[in-house]
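Subject: Structure handover and notes

Dear colleague,

I am passing on the structure we spoke about, together with my notes on it. Please look through the coordinates first and then read on.

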Amino acid sequence: MEKQSTNGRTKKGTGGYSNITIKKETAIRFCSYSKRFNKSHSEVLDGMIQYFKENNLDPFGEGTKIIIDSIKKLERQMMKKFDRLIAIIKNMEKTSIRPTYEMVLILYEAYVKDGAPSGSTPIILVLGDKA
């Protein structure tokens, strides 16, 4: 491995490390947070920065507002699609299911009213699935 010069000192490795100063409470919180992912502190911090960049979020500004607005937008889109599905189902019910049911009911009532041919067994009409 090459030695890398850092502030007049030499350090092994190509990546190198740097020290940053943070409050003790923040360091403790960050360490426990890093342990949840079973990753190094550098990997967790890098992942956090990448997340903020990719999602165009500002942790001190409008970040949560952007997320909430996008969730609300998705919710509105889903509700519109649900409304379309409900309209399709109602249309199917009105144009095909209900008229077919009523036609079968009229035929059955006419059959019962005129009387079944003698010696035949009665027809039992079951509508719907029996599983």
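The notes below go through the helices, the residues that follow them, the aromatic and charged pairs, and a surface patch.

Please keep in mind throughout that this is a predicted model.

I begin with helix α1, which covers residues 24-37. Its 14 residues should span 20 Å at 1.5 Å a residue, and because the end C-alpha atoms are 21 Å apart, the helix agrees with that expectation. Helix α2 also has 14 residues, and the distance from its first C-alpha to its last is 20 Å, close to the 20 Å expected at 1.5 Å a residue.

As background, most residues other than glycine have a negative phi.

If neighbours within four places in sequence are left aside, the residues in contact with serine 34 are Lys39, His41 and Val44.

Turning to the aromatic rings, a search of the whole structure gives two pairs. One of them joins tyrosine 33 and phenylalanine 37 in an edge-to-face arrangement, with 5.0 Å from centre to centre and 70° between the planes. Both residues lie in helix α1, four residues apart, which is about one turn of the helix. Tyrosine 33 counts as partly exposed at 31% relative accessibility, and phenylalanine 37 is also partly exposed, at 41%. The other pair is formed by tyrosine 51 and phenylalanine 52, whose ring centres are 6.0 Å apart and whose planes meet at 65°, so this pair is edge-to-face as well. Here too the residues are partly exposed, tyrosine 51 with a relative accessibility of 44% and phenylalanine 52 with one of 30%.

As for charged groups, how many salt bridges does the count come to? The count comes to one salt bridge, in which the side chains of glutamate 93 and arginine 98 meet at 3.1 Å, N to O. Glutamate 93 is partly exposed because its relative accessibility is 38%, and arginine 98, at 43%, is likewise partly exposed. In general terms, side chains of opposite charge can pair when their charged atoms come close.

Finally, there is a nonpolar patch on the surface, made up of Met78, Met79, Phe82, Leu85, Ile88, Met92 and Ile97, which together have about 700 Å² of accessible area. Among these residues, methionine 79 lies in helix α3 (residues 63-114). Methionine 79 has a relative accessibility of 44%, so this residue counts as partly exposed.

Methods. Residues numbered from 1 in each chain as written. Predicted model: local features only at pLDDT ≥ 70, side-chain atom pairs only at ≥ 80, totals over all residues. Heavy atoms only, no water. Patch = residues over 30% accessible without salt bridge, like charges linked within 9 Å, V, L, I, M, F, W, Y side chains within 5 Å. Areas by Shrake-Rupley, 256 points an atom, 1.4 Å probe, with all protein chains shown as cover. Salt bridge = Lys/Arg side-chain N within 4 Å of Asp/Glu carboxyl O. Helix = DSSP H or I, 4+ residues; strand = E, 2+ residues; numbered from the N terminus. Buried < 20%, exposed > 50% of the residue type's maximum accessible area, 1.4 Å probe, protein only. Expected span 1.5 Å × (residues − 1). Phe/Tyr/Trp six-rings, centres within 6.5 Å; stacked < 30°, edge-to-face > 60°. Contact = heavy atoms within 4.5 Å.
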